[in-house]
Amino acid sequence: MTPGMHTALFVSAILLAPAVLRAQSTEEKPAGQAPANGESGAEKTNGDTPAPQTARSTGLPSQINWKVNLDAGWGSFGFANSLYINPKEPGVDEDLSDQWFEGYAKPSLSADYRIPDGGLLYGKISVVGERTYGSVPSQFGTDVSSFGPEDLSIGWRSGDSIEALGADGLDLVIGRTQYRLGHGFLLWDGAAEGGSRGGFWTNARKAFEFAMIARVKPGRHNIETFYLDKDELEENDSGTKLMGANYEIALSPTTTLGTTYMKFAADADMRPGRDGLNVFNVRAYTAPLRNVPDLSFEFEYAAERNGDALDSNAWTAQGGYAWNDVTWKPKLTYRYAYFQGDDPETPANEAFDPLLLGFYDWGTWWQGEIAGEYFLSNSNLASHMVRAHVTPSDMVRGGL
C-alpha cells in the first residue's frame, strides 16, 4: 500500500462584530453650534438650533465598562485519498475522499470596574454554538452540534495600588479562561473539539474548564504560576490537569527569553505517559540586530520526563525576514521542527506527547494543517516549513 496524495481545500468566512456599550454623560452644546466631524446631526427644533443630544442608555450599571462581542466563522473542507489510503486495485471503484462543512458562533460579554485606589476588577462570560455537517465519526451520526459555556471568569489587576510593582504589577484570575504559553509549542488550547461537539477544525473553544492564574510583573520580568484543568470531550476525557510556573524576561523590546516547568496528572489507563509527567521548557524570541530590525529568530526546546512511561525531547528553530517598509509588508520564514519518536528497542517510551499545543498562526504545530489536526501526531517526525506572509491591511492577511 503506497501513500496516496492528498489535497485540502479551505474556504472560510470570519465575522467579527464587536460592540462597546458604555453609559455616557449627556453633553449639551451651545445653541447653533455645528456638529463635529463624524458626529451625527442633532434633532431639529424651531429654527436651526439643535436640541441637546441624549446618550443612549445600555440599561446596565453606568459605573461599569461593558463590552459585547460576537465572533463567528464558517469553513468548507475536503480530502482526496483521505488517510493516504489508495489501493488502486483493478476493478475497485471506491471513493476515498471526505468533505465536510463547519460553522460556529460565539457571543461574549466582558466588564471591568475601577476600584478607587484599589485596582481593576474584571470578568468575562461567553458561550459557543457550533456544528459540523457530514464526514464525522459514524457513532455520532451525519451532523453533530453542541452549545455550551466557554468563558466564565473573574479577575483583579492591581492598577497603581502597589507602587513597588508598577502599573498592573499583580494580576489574578480564576474560572473558565484561556492560558497561553509562548507561541503555542506546548500550551495554548484549553478545550477539545470534534467528536460529539463538532467544530473540530474551526476550534471555537479555547478556555480551560477551570483555571487559576497569578501573574507578577515587576519591570522587565513576568512571573506566572498556574493550575489548569482541560475542557475535554465527554467520550474521551483523559482527566488532564497541570500546574506550573513560568518566568520571562524582556531583555529589550525585540528580545524575550522564557523558561517553564509543568507537572501533569491524567487518567493512568488512558494517558500513562502523561500521568506524573514533568515538562521543562526554554524559549527565545529575538530580533537581535539593531541595524536590521526586520530579521528575527525563534528557538524552543522541551524535555518530557516520566521514567520509562515517557522520556522524550522536541525542539524547533525559525528564522524570518520582514519587509515592513514595502506595501503589503511581506515576510518570509523558514522553520525546522523535531519531535522524538519511540525506539522499539528500549523499554522506555520516547514518543513525544504534543500536550496542549495551539493555533498561534497558520502552519504552526500541526504538521500539515488539516491532516495534522485529525490524524497525525507530533511524534517521530521532523519537518521543514517555508512560509510567505503578507499583510495588506490590519483586517486582511494571508500566506503561502
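Buried residues, those under 20% relative accessible area with a 1.4 Å probe and protein chains only, make up 38% of the 400 residues in the protein chain. The model is predicted: local features need pLDDT of at least 70, side-chain atom pairs count only at pLDDT 80 or more, and totals for chains, interfaces and linings use all residues. Residues are numbered from 1 along each chain as its sequence is written, and side-chain values use heavy atoms, with hydrogens and water left out.

The protein chain has 1 helix and 16 strands, taken as DSSP runs numbered from the N terminus (helices H or I, at least four residues; strands E, at least two). A contact means heavy atoms within 4.5 Å. Of the contacts with a separation of 6 or more, 57% are between residues 24 or more positions apart.

The largest nonpolar core has 27 residues. Such a core is a set of buried Ala, Val, Leu, Ile, Met, Phe, Trp, Tyr and Cys residues joined through side-chain atoms within 4.5 Å. The members that touch the most others are Tyr179, Leu186, Leu187, Phe226, Leu228, Leu242 and Met262. Two or more residues each come from β7, β8 (221-229), β10 (255-265) and β14. Leaving aside neighbours within four places in sequence, Phe226 is in contact with residues including Tyr179, Leu187, Met212, Leu242 and Met262.

Aromatic rings come next. A pair of aromatic rings is described by the distance of the centres and the angle of the planes. Rings of Phe, Tyr and Trp (its six-membered ring) pair if their centres lie within 6.5 Å; planes under 30 degrees apart count as stacked, over 60 as edge-to-face and the rest as tilted. The structure holds 8 aromatic pairs. One of them, Phe101 with Tyr133, is tilted, at 5.8 Å centre to centre and 50 degrees between the planes. This pair links distant parts of the chain, with Phe101 in strand β3 (residues 98-115) and Tyr133 in strand β4 (residues 119-133), 32 residues apart. Phe101 is partly exposed, at 34% relative accessibility, and Tyr133 is partly exposed at 37%. Phe185 and Phe339 have ring centres 5.8 Å apart and planes at 35 degrees, so this pair is tilted. Phe185 lies in the loop between β6 and β7 and Phe339 in strand β14, 154 residues apart.

A salt bridge is a side-chain nitrogen of Lys or Arg within 4 Å of a carboxyl oxygen of Asp or Glu, and the count comes to 13. Glu150 forms one with Lys106, the closest N and O atoms being 3.9 Å apart. The pair joins strand β5 (residues 143-157), which holds Glu150, to strand β3, which holds Lys106, 44 residues apart. Glu150 is buried at 0% relative accessible area, and Lys106 is buried at 11%. Asp151 forms a salt bridge with Lys124, also with the closest N and O atoms 3.9 Å apart. Asp151 is in strand β5 and Lys124 in strand β4, 27 residues apart. Asp151 is buried at 3%, whereas Lys124 is partly exposed at 30%.

Technical notes
Buried < 20%, exposed > 50% of the residue type's maximum accessible area, 1.4 Å probe, protein only.
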